[in-house]
Amino acid sequence: MKALIPAGGAGTRLRPITHTSAKQLIPIANKPVIFYVLESIAEVGIIEVGIVVGDTAAEVQRAIGDGSAWGLKVTYLPQAAPLGLAHTVLIAREFLGDDDFVMYLGDNFLIGGITKLVEQFRGDRPAAQIMLTKVADPRAFGVAELDVDGRLIGLEEKPENPKSDLALVGVFLFTAAVHAIVAGLTPSARGELEISDAISMLMRAGHPVVTTITEGYWKDTGNVADILEVNRLVLEELAPEVAGVVDNSELIGRVTVAPGAVVRGSRIVGPVIIGSGSVVEDSYVGPFTSIAEDCRIIESELEYSVVLGGSVIRGVGRIEASLIGREVEVIPAPRTPRAHRLLLGDHSKVQVCAYT
């Protein structure tokens, strides 16, 4: 069995961060999302992994390398444009050969891994096996319709009027039977080759398709709210460790201070992780916050947030529920005039407190 990881999407819901960075490399508890995917794949004994890459190919390759850090052998598969998940299967045809494969989206997070799912697939070997989970608003996902016996009878991609609340989780298992189906697909109204269409055509051709409804935790980390929620969940399991320097500070709960990090004159209430080379000084950092490497948090308050590498937050009041990109500087405005001064990229979203 091989693995296929689509990692070439545009990440429009995370702009402007994804204008300059791959969404699959946004860190959860200071580790890129795609690293959790690679760990899950390695756990089931898969060795050969194809990663589909687009405009951020160079960044993804620098982060992952040849895959040997996970005991994997990685092949990079260029995709000229994000033309749908079934298109990633199409361009991976030569790499996949006639082997069974698991397709695991590079920006998805699934607690508990995929071991049981893969074992079931290896035992039964249907043409396709898909994971489903109940969601509050299925309109943003591929949606499955089951009959009264729990058998799959239909799939729709992001329907306006969903027939169920069962969404496709971003993990799929296929035999080589899918390749002939994908080769005959035509683009959907969205201009993409939809994996839901490929699965539906497998069913219509008489191939067995099996569903598994997961009760575990799954998130598509495609927006800020989901990233913060997944970060919270991972930090809940954080093992406290102080390998950096802590001076005249109070650490409460599960706090990790990486080697080379410095905490001085501050109060840290975990779970919190502070990356290597970062400095937190005369500040408060509250629960469910991840501060990446080489950041500076000075005379500020920060809670329930993710701060990416090299950023500076200095002399500002409380910041919460925020995703702050790489090499960002957040500093106070002059006291007069009482005005906000902003330099924002396209598709930015900023919430400011009204003056009282």
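Q: In this predicted model, two strands pair if DSSP finds at least two bridges between them; how many bridges join E14 to strand E17?
A: Strand E17 covers residues 255-257 and runs parallel to E14. Within E17, Val-257 is the bridge partner of Val-242. The number of bridges that join E14 to E17 is two.

Q: Which strands stand at the edges of the open sheet?
A: The six strands of the open sheet follow the order E14-E17-E20-E23-E26-E29, with parallel pairing. An edge strand has a single partner strand, so one side of it is left without a neighbour in the sheet. The strands in this position are E14 (241-242) and E29 (323-324).

Q: What angle does the direction of helix H9 make with that of E23?
A: Helix H9, residues 224-236, packs on the sheet. Among the strands it touches are E20 (272-274) and E23 (289-291). The angle between the directions of H9 and E23 is about 95°.

Q: Is the pair of Tyr-36 and Phe-109 stacked or edge-to-face?
A: Tyr-36 lies in helix H2 and Phe-109 in strand E7, 73 residues apart. Their ring centres are 5.2 Å apart and their planes stand at 75°. Planes over 60 degrees apart count as edge-to-face, so the pair is edge-to-face.

Key
Residues are numbered from 1 along each chain as its sequence is written. This is a predicted model: local features need pLDDT of at least 70, side-chain atom pairs count only at pLDDT 80 or more; totals for chains, interfaces and linings use all residues. Side-chain values use heavy atoms; hydrogens and water are left out. Two strands pair if DSSP finds at least two bridges between them. Helices (H or I, at least four residues) and strands (E, at least two) are DSSP runs, numbered from the N terminus. Contact means heavy atoms within 4.5 Å. Axes are lines fitted to C-alpha atoms, for helices over the stretch in contact, and angles run from 0 to 180 degrees between N-to-C directions. Rings of Phe, Tyr and Trp (its six-membered ring) pair if their centres lie within 6.5 Å; planes under 30 degrees apart count as stacked, over 60 as edge-to-face and the rest as tilted.
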